Every structure is written in C-alpha cells, then in structure tokens.
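Here's a quick briefing to read with the fold open on your screen.

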Amino acid sequence: MTAVLAPGRFVTGDGAALHVSQSGPADSAVTLVLVHGWTQDHRTWDFVLPHLDPGLRVLRYDLRGHGGSSPARPGGATIARLADDLAELIADRVPSGPLVLAGHSMGGMTLMVLAERHPSLVASRLAGAAFVATSSGDMDKLTLGFPGLVGRSVTRFEPRVARLLARLRSDTLRLRPGLVRSGARRLVFGDRPGRAQVDSVVEQLLRAHPASAGLFLDAIAAHRGVGGLGALCDVPSVVLAGEKDRLCPLPHAKVIADELPHAEFVRFPGAGHMLPQERPFEVARRIAALVRVAARR
C-alpha cells in the first residue's frame with residue numbers, strides 16, 4: 001500500500017492557497033506530479049495511485065478553484081495561471097531531480113502551457129509527460145458528439161453556462177447528487193462505468209467553486225496549446241484517449257500525438273473522458289513506463 005503523507009498547503013505568488021497531497025519517499029529517484037481536470041481535484045487519481053510503485057514519490061494537488069484550494073482570484077482563472085502555479089509548486093516542493101508530469105483534461109492543457117511559459121524547466125527537469133483525455137484547442141467548437149443542429153446548439157449554449165456559473169456567489173454547486181450522477185454517467189463516461197467511479201467524479205464536481213468553474217470554462221474554450229507542444233518534442237510522452245470521449249474527442253488527442261513525433265498514442269475502446277477512473281490500471285501502466293525511462297536518464 002502506498003503511504004500517503006499528511007496533506008499540506010502551498011501559497012502561490014499571487015496568494016492562492018493550494019491543497020497538496022504527497023505520497024512515497026522523499027528520496028525517490030523520480031517525482032511524478034499528477035494534475036487533474038476541470039471541476040475535479042486531486043482525488044481524480046485515487047484509482048490510479050494503488051497501481052503505481054509505492055517507492056515512487058507522487059505529488060498531487062487541487063487546482064485553484066477546485067477541491068480544497070481557494071477560489072480563483074480576480075484575473076487568475078486562466079490556463080496560464082495554472083501553468084505558473086505548477087511551476088511555483090515544483091520549485092518549492094521538488095526543487096531538484098527528474099520529473100514526470102501527467103495531466104488529465106484541463107490538467108493536460110496546463111502541461112502544454114507550462115512548456116510554453118517555462119521552457120527552461122522543461123529542458124532541465126522534465127523526463128516524461130502523459131496527456132490523458134485532453135485537447136490542444138478548438139474546445140470552443142465542442143458539440144459533445146451530437147451532429148447537426150443539436151451539436152451547433154451545444155456550441156452556442158456552453159458560453160451561457162460559463163457566464164451563469166461565473167455569476168454564482170455560493171461556495172459549492174447546489175445540485176442534487178442524483179441528478180448530477182445521471183448526467184455524469186451519460187456525459188463523461190463510456191460503457192458501463194462502476195458506481196464508485198461515477199460517485200467519485202460527482203463528489204469532486206460538487207466541491208468545485210462555481211464561479212471559478214465558469215471562468216475556467218471560458219479559459220478552456222480559448223485554449224490553444226500547440227505552441228507549447230513544440231517544446232516537448234524530445235520528451236518521452238504518451239497520449240491516452242477514450243474512443244467515446246465527448247469532452248475531448250479522439251481527433252483532439254490525435255492532434256497532440258501528431259505534434260509529438262515520438263509519443264505513444266493509446267486509444268481505449270469503450271472508454272469516455274474519465275480515463276483515470278475508467279481505465280486506472282492502464283493509465284498507471286503507461287505512466288509507470290515513463291517513470292522507468294526517466295529513472296534511467
């Protein structure tokens with residue numbers, strides 16, 4: 001069993017307090033940093049962690065506006081700010097040694113922007129990168145897989161959802177868990193998800209800060225991450241995609257893989273957007289392979 005250390009807090013340069021969870025020995029040859037996606041938190045990786053080597057140091061944290069972290073500050077709900085948060089957290093908690101970074105959805109977008117904004121960190125420290133169910137852009141054209149008029153309606157409706165969420169002043173989304181569970185099962189999962197996996201996603205979503213979630217939804221729509229991928233061409237990488245992913249569809253993952261000529265591109269039939277919950281063993285296995293390569297460098 002992986003030993004999980006007591007959770008801590010990290011305060012960013014602009015004053016946001018991030019909830020941080022660490023496991024594994026401090027003297028591990030490689031440190032793995034796991035970055036979650038929109039409306040989730042560090043628990044995204046709960047099903048993956050048991051399949052990783054207990055001798056590996058793993059750092060997880062809640063993005064600003066998510067989980068146990070403070071809400072996004074004015075002007076701070078951007079992917080660029082998330083990338084800067086990650087760079088600052090690494091400098092404080094993992095100041096030396098090789099790194100493997102894995103990002104799910106908006107977490108993967110954060111890795112792309114990190115490479116663009118902090119190229120020296122990538123060049124000197126990054127020994128592996130995993131992009132899990134993520135996209136490098138065109139999220140403003142999302143149709144959730146619906147064709148024709150229905151798909152175009154989804155594209156027009158999403159900015160309205162973002163504005164609605166951004167105006168909310170409550171600390172959490174006040175929605176019925178049963179309703180959210182039904183929606184999550186249909187929208188973000190593939191075939192036959194388990195109850196525990198769906199409940200995990202719902203619990204995290206209901207803890208996210210609503211206004212921050214709305215602002216980050218706009219940031220996702222504006223995301224263009226191809227530029228950052230150029231800095232990762234020589235980094236051992238893997239791109240993981242669910243064939244039934246409605247949020248970051250398979251063609252989006254293919255764009256990332258095409259920009260990383262040495263990356264392994266893995267498709268999961270029947271899986272949706274929540275690969276860390278739906279395919280935790282396979283996700284862990286691909287990340288572990290990157291860690292082994294990093295340990296030999």
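Which residues does Q197 touch, not counting residues up to four places away in sequence? They are F47, F189 and Q277, where touching, or contact, means heavy atoms within 4.5 Å. Before going on, know that this is a predicted model, in which local features need pLDDT of at least 70, side-chain atom pairs count only at pLDDT 80 or more, and totals for chains, interfaces and linings use all residues. Residues are numbered from 1 along each chain as its sequence is written, and side-chain values use heavy atoms, with hydrogens and water left out.

**The sheet**

- Eight strands form an open sheet in the order 1-2-4-3-5-6-7-8, with mixed pairing; two strands pair if DSSP finds at least two bridges between them.
- Strands here are DSSP runs of E with at least two residues, helices are runs of H or I with at least four, and both are numbered from the N terminus.
- At the edges sit strand 1 (8-11) and strand 8 (264-268), each pairing on one side only.
- Neighbouring strands of this sheet are turned by 20° against each other on average, direction ignored; the axes are lines fitted to C-alpha atoms, for helices over the stretch in contact, and angles run from 0 to 180 degrees between N-to-C directions.
- Strand 1 pairs with strand 2 (residues 17-23) in the antiparallel sense over four bridges, and R9 stands opposite H19 in strand 2.
- Helix 1 (residues 79-93) packs on the sheet, touching strands including strand 3 (31-35) and strand 5 (99-104), and its direction makes about 120° with that of strand 1.
- Over at strand 8, the pairing with strand 7 (residues 237-242) is parallel, over five bridges, and V239 has F265 as its bridge partner.
- From strand 7 the chain crosses through helix 9 (residues 250-259) to strand 8 in a right-handed β-α-β crossover: with the strands pointing away from the viewer, the path from the first strand over the helix to the second runs clockwise.

**Helices under cover**

- Back to Q197: this residue is found in helix 6 (residues 195-205) and counts as buried because its relative accessibility is 19%, and buried means under 20% relative accessible area (1.4 Å probe, protein chains only).
- I256 lies in helix 9 and, at 0% relative accessibility, counts as buried too.
- Among the residues that I256 touches are M112, F131 and V239.
- Helix 2 (residues 106-117) is largely enclosed by the rest of the structure, because 10 of its 12 residues are buried; M106, L111 and A115 are among them.
- Helix 7 (residues 210-222) should span 18 Å and has its end C-alpha atoms 19 Å apart, which agrees; the expected span is 1.5 Å times one less than the number of residues.
- Helix 7 is mostly covered, with 10 of its 13 residues buried, including F216, L217 and I220.

**The nonpolar cores**

- A nonpolar core is a set of buried Ala, Val, Leu, Ile, Met, Phe, Trp, Tyr and Cys residues joined through side-chain atoms within 4.5 Å.
- The largest one has 64 residues, and V33, Y61, L86, L101, F131 and L232 touch the most other members.
- Another core, of 27 residues, lies apart from the largest one, and V30, L49, V283 and L290 are among its residues.

Definitions and conventions
Buried < 20%, exposed > 50% of the residue type's maximum accessible area, 1.4 Å probe, protein only.
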